Amino acid sequence: MTHYDLIVIGAGSGNTIVDDRFDDRRVAIVEKGPFGGTCLNRGCIPSKMFIYVADLAESARRGPALGLPTEVGRADWTAIRDRIFARIDDNAESGRDYREDADNVDVLVGEARFVGERRLVVDLADGGTAEITADQVVLASGSRPVVPPIDGLDDVPHETSDTIMRIPELPARLGVIGGGYVGCELAHVFAAYGSEVVQVESADRLLSTQDADIAAHFTRGAQQRYDVRLGTKVERVSRTAGGAVTLHLDDGSEAEVDVLLVAVGRRPNSDLLEVDKAGVETDDKGLVVVDQHQRTTAPGVWALGDASSHEPLKHVANQDARVVQANLLATYSGSSELVTSDHDVVPQAVFAHPQVAAVGLTEAEAREEHGDHDVVVARHDVADVAYGWALAGDLDDDPEAAGFVKLVALRSTGRLVGAHLVGPMASVLVQPLIQAMVHDLPVKGLARSQYWIHPSLAEVVENALIGLESALED
Ligand SMILES: Cc1cc2nc3c(=O)[nH]c(=O)nc-3n(C[C@H](O)[C@H](O)[C@H](O)COP(=O)(O)OP(=O)(O)OC[C@H]3O[C@@H](n4cnc5c(N)ncnc54)[C@H](O)[C@@H]3O)c2cc1C
Ligand SMILES: NC(=O)c1ccc[n+]([C@@H]2O[C@H](COP(=O)([O-])OP(=O)(O)OC[C@H]3O[C@@H](n4cnc5c(N)ncnc54)[C@H](O)[C@@H]3O)[C@@H](O)[C@H]2O)c1
């Protein structure tokens with residue numbers, strides 16, 4: 001058995017904790033997969049690299065409507081995939097090499113599980129086990145895709161976000177179960193590349209947790225591009241002659257596909273780590289329970305990111321990791337002054353077509369929480385600013401050019417409580433609205449206290465704010 005000052009389980013966001021301020025500490029990093037975790041290897045980064053190419057294809061398809069005789073063929077999947085993973089795999093390998101070269105760090109390649117308080121057994125990838133203990137343990141063990149118990153699914157080949165980005169060839173027909181982040185981003189990719197896509201979502205809209213107007217607009221756009229089946233579930237799947245898979249839906253319809261992607265959510269890995277043996281409590285979703293300093297219920301055990309966060313997003317995991325890092329250093333220096341996590345204003349974006357971005361309450365949530373009398377809403381359309389004119393081909397049919405910004409504020413405080421965007425560059429345009437909420441800025445004066453570059457798309461945010469300000473004054 002080896003004792004460490006610090007054990008970090010998971011080399012995703014957890015890998016960022018150990019810097020030169022830990023040089024005099026003996027550290028073990030346990031990782032069962034490639035360094036960089038989900039975001040680098042099978043999440044944010046490769047998906048956005050695939051999405052960039054999909055966006056390019058969709059932009060080019062607008063050419064004829066704007067007078068440019070563009071034509072887009074079927075994407076060269078192998079070339080796209082290999083370009084992306086050459087960069088990513090190299091990055092993951094160099095990340096591991098860097099740690100292995102450090103004098104104070106042991107990299108244990110294998111799967112860890114708790115056998116007691118701050119005591120772990122690691123099933124090593126090259127055989128055998130290692131038993132390790134530490135004064136401090138960080139659970140940065142992330143989450144994994146959920147595969148629902150659909151009749152027949154075990155007997156047919158299917159992919160999750162872990163595997164789909166490395167498949168050997170572009171499928172002629174792709175089935176997607178789930179209309180959330182993963183389902184919508186990857187349906188966009190494959191539809192743009194030339195696959196026929198059928199997407200099945202049990203709710204009545206895609207991206208159903210977004211503001212209702214945004215979800216409705218996004219859903220209409222997706223329906224123009226591929227087959228979207230809403231309010232229905234896959235009841236059963238079966239293998240069809242020639243290796244295809246048939247989806248049997250509970251509305252009685254069927255769909256035949258060549259590749260099936262299951263994207264119905266993720267769950268934390270706490271169960272596989274047997275965290276209960278370490279005195280670490282989890283909630284009913286398997287999320288490790290943490291306090292505002294990222295401390296778990298077991299002394300000396302910390303958690304971060306998808307292991308413990310209700311918002312399983314990389315910018316949240318990064319923030320959590322900075323908090324854990326600061327608090328480990330404070331603990332080592334004998335200080336009881338711990339840094340606090342801030343999960344108040346957490347933005348999110350879906351990089352589909354069109355992009356969706358949001359921060360704060362939806363209109364329905366604001367009305368529920370604050371009452372109709374206090375809630376003020378303003379909306380401005382992309383088509384009504386100068387840059388929107390540049391985008392417009394056939395406005396009725398174009399979900400990007402017909403995008404909009406919707407803002408939600410409270411009469412009682414004069415503050416924004418929610419911002420929702422759908423359209424080009426939504427993930428970027430949302431940033432000044434995040435800033436306004438974080439810094440508790442009054443809506444009054446927000447638009448007019450700064451210049452907005454003309455004729456940039458940011459003018460859609462400026463105009464939505466002007467509309468909100470006058471609605472607040474009514
Ligand atoms: C397809 C996809 C796209 C995404 N896109 C975005 C995006 O655009 N923006 C965004 O903000 N978020 C995005 N996310 C979410 C984001 O990837 C996660 O929130 C983030 O990676 C979580 O980081 P983490 O460090 O908590 O966990 P991870 O990055 O998952 O790291 C956990 C690590 O722990 C290891 N591990 C787990 N259990 C053990 C064990 N018992 N022993 C040893 N090692 C173990 C795992 O192998 C893994 O490497 C996306 C996710 C997916 C799936
Ligand atoms: N751009 C980003 O930030 C980004 C991108 C991808 C993933 N992520 C993260 O990964 C997490 C997981 O993404 P996800 O898309 O897997 O989950 P999700 O929770 O976003 O969406 C799952 C969807 O599947 C539907 N569903 C559930 N069971 C179903 C069934 N049996 N049949 C049909 N539909 C069903 C749900 O109604 C929901 O709409 C996200 O919550 C997010 O935190 C983020």
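## A predicted chain with two ligands

The unreviewed UniProt entry annotates residues 4-319 as "domain: FAD/NAD(P)-binding". UniProt positions follow the numbering used here, feature names are shortened, and annotations may be inferred rather than shown by experiment. The model is predicted: local features need pLDDT of at least 70, side-chain atom pairs count only at pLDDT 80 or more, and totals for chains, interfaces and linings use all residues. Residues are numbered from 1 along each chain as its sequence is written, chains are lettered from A and ligands numbered from 1 in the order in which they are written, and side-chain values use heavy atoms, with hydrogens and water left out.

Start with the annotated span. Residues 4-319 are 26% helix and 26% strand, and the end C-alpha atoms lie 25 Å apart. Helices (H or I, at least four residues) and strands (E, at least two) are DSSP runs, numbered from the N terminus.

Now turn to ligand 1. It is surrounded by 34 residues, and the closest are Ser-13, Glu-31, Thr-38, Lys-48 and Asp-306. A residue counts as near if one of its heavy atoms lies within 4 Å of the molecule or strand. Helix 1 (37-42) is among the elements that each supply at least two residues to this shell, as are strand 2 (27-31), helix 2, strand 3 (105-116) and helix 6 (314-332). Helix 1 gives the most, with four residues. By class, the shell has eleven nonpolar, 15 polar and eight charged residues. Here Ala, Val, Leu, Ile, Met, Phe, Trp, Tyr, Cys and Pro count as nonpolar, Asp, Glu, Lys and Arg as charged, and the others, Gly among them, as polar.

Backbone atoms make polar contacts with ligand 1. A polar backbone atom of Ala-112 lies 2.9 Å from a nitrogen atom of the ligand. Accessible areas come from the Shrake-Rupley method with a 1.4 Å probe; for residues, only the protein chains shown count as cover.

Ligand 2 lies between domain 1 and domain 2, because both give residues to its shell. Of the 21 residues around ligand 2, the nearest are Val-182, Glu-185, Glu-201, Pro-312 and Ala-349. Helix 4 (181-193) and strand 8 (196-201) each supply at least two. Helix 4 gives the most, with four. The shell has ten nonpolar, six polar and five charged residues.

A polar side-chain atom of Glu-201 sits 2.7 Å from an oxygen atom of ligand 2. A backbone N or O atom of Gly-265 lies 2.9 Å from an oxygen atom of ligand 2. The protein buries 76% of the 850 Å² that ligand 2 exposes when taken alone.

Key. A polar contact is a pair of N or O atoms within 3.5 Å; within protein, one must be able to donate a hydrogen and the other to accept it, and residues adjacent in sequence count only if both atoms are side-chain atoms. Domain bounds come from an automatic or database domain assignment.
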